[in-house]
Amino acid sequence: MSLLPELRYPSVPELVASARALAAEEPGLCALRQVGVSRAGRPLHLLSVGHARRAVLVVAGAHANEPTGGSTLRVLAERVLAERELRAGTSWHFLLCADPDGASLHVTPAPRSLLDYHLGFYRPTGAEQPEWSPAVLPPDRLPPETRTLTGVIDELRPYLQVTLHGTDLGGSWVQLTKDVPGLAEPFAKSAAQLHIPVEAGASDAAGWPASGPGVHVMPGPETGVAYPSMPDDARHSTWYHTHRYGGLTAVVEVPMWASDLVDDPAPHPAPTAAMHRLARRLLQDSREVERVLAEALPRLEGSDGPLLRASQWALELIPGLARDWTHTPPAGTTMAYVGSVDAFGRRLPLRAAAMLLRVLRETDDRAAPRLEQLVASWCEAFAERFKARWVPLEHQVEHQSRTVLVAAQQAREQAV
């Protein structure tokens, strides 16, 4: 009997309950164990299916605001348990949530609009994100979630780690620490079947080589980065920890709302001018949030919670990013790339405003209504500009699951 009576975004306790039920149903094949604790003392759980030494590790919940991965992980675990051929010579291991503290702060019950999504938004600072903290912190200051994740990799030595990510609005893409030949075609086919656009010029992978539309391979350390001001260089993340054991990492991104503006490979008529315009708007939007913050901050004296820290951190990134966009040649010149940067430029100040709004609402601050109007208007403009359409959750999960399974098959053949 399926453990998924309805497909929806599960909470961490629901994920743990599902995993416990699976382990009880097939104790000879499944095991659930605690592998660490978060900064706040929440347990981190690993579900293992099969006993082969050759391993695949699937990680959900690395970013609190990307909830699809939890649903995908549950479906994948059930499928691996049900289909013997998926376990032939391979064990599967599922880290249920890499950041349970963050998951407790981001609220995504059943968003009907971008505004619903942002009213419960939370994404921690880079130093507090399990996968990204090694890029911004020295080894002796890494959070326990990061040490747990790298410890699991050290134990399992997976030939493939798949980390399940997502975006609020845009398309689907894959980031690889090593190329996986044979992945691009089934990835594109799955996206087309499920009416999910492929983000052909993802700003997250700006300047990276592509093995196919939407499948990006991270460059080596000798290559510069497109946005030098950004602290989260992927090459210093936990994604590369698998390399010490001959493995690789695939990051599979799926959108909650889709837009065809990020799936257009045609040349942009004036990419440099467009980047300058987007940088000006980015700075203008951030200043609006900064004005609200400056007014309210004296009334928030003594408040240094994660929401406020994350809001201020996001604002601090913006001036450098705007300089990157105006002082270096565009990393891409397609309509898709400019569209992806446009989305990124709207997303960053909107997230800062949304998290600050939650702080102001909690304190019943008089600036909250003004900021609420700003968040609502930005969400509406974002959705209208990109003609956002909701991607049914079952399609998000199916596409992400297919991509994981194909990546596991292709990477295994490559490793043999």
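This is a predicted model: local features need pLDDT of at least 70, side-chain atom pairs count only at pLDDT 80 or more; totals for chains, interfaces and linings use all residues.
**The whole chain**

The protein chain contains 11 helices and 10 strands, and its C-alpha trace spans about 60 × 50 × 40 Å along the principal axes. A compact globule of 416 residues would have a radius of gyration near 22 Å, and the 21 Å of the protein chain therefore agrees with that expectation. Of the 416 residues, 57% are buried.

His399 is part of helix 11, which covers residues 393–415, whereas Val254 belongs to strand 9, which covers residues 248–258. His399 counts as buried because its relative accessibility is 0%, and the cut-off for buried is under 20%. Val254 also has a relative accessible area of 0%, so Val254 is buried as well.

| Residue | Element | Relative accessibility |
|---|---|---|
| His399 | helix 11 (residues 393–415) | 0% |
| Val254 | strand 9 (residues 248–258) | 0% |

When residues up to four places away in sequence are not counted, His399 touches Ser172, Phe187, Ser190, Ala191, Leu194, Ile196 and Val254. With one of these residues, Ser190, the contact is polar, for the side chain of His399 and the side chain of Ser190 meet at 2.8 Å.

Val254, with its neighbours within four places in sequence left aside, is in contact with several residues, among them Thr68, His165, Gly166, Ser172, Gln396 and His399. The C-alpha atom of Val254 is also separated by 8.6 Å from that of Leu164, although the two residues are 90 residues apart along the chain.

**Helix 7 and helix 9**

Two packed helices are described by the angle between their axes and the distance between the axes. For helix 7 (residues 271–296) and helix 9 (residues 335–362), the axes come within 9 Å and cross at roughly 0°. Angles under 35 degrees count as roughly parallel, and helix 7 and helix 9 are therefore roughly parallel to each other.

Where the two helices meet, the residues from helix 7 include Pro271, Leu278, Arg281, Asp285 and Val289, while those from helix 9 include Tyr337, Val341, Asp342, Arg346 and Leu356. Sorted by class, the contact of helix 7 with helix 9 has 17 nonpolar, 2 polar and 4 charged residues.

Technical notes:
Residues are numbered from 1 along each chain as its sequence is written. Side-chain values use heavy atoms; hydrogens and water are left out. Axes are lines fitted to C-alpha atoms, for helices over the stretch in contact, and angles run from 0 to 180 degrees between N-to-C directions. Helices (H or I, at least four residues) and strands (E, at least two) are DSSP runs, numbered from the N terminus. Angles under 35 degrees count as roughly parallel, over 145 as roughly antiparallel, 65 to 115 as roughly perpendicular and the rest as oblique. Contact means heavy atoms within 4.5 Å. Ala, Val, Leu, Ile, Met, Phe, Trp, Tyr, Cys and Pro count as nonpolar, Asp, Glu, Lys and Arg as charged, and the others, Gly among them, as polar. Buried means under 20% relative accessible area, exposed over 50%, partly exposed in between (1.4 Å probe, protein chains only). A polar contact is a pair of N or O atoms within 3.5 Å; within protein, one must be able to donate a hydrogen and the other to accept it, and residues adjacent in sequence count only if both atoms are side-chain atoms. The radius of gyration is taken over C-alpha atoms; the globule rule is 2.2 Å times the number of residues to the power 0.38.
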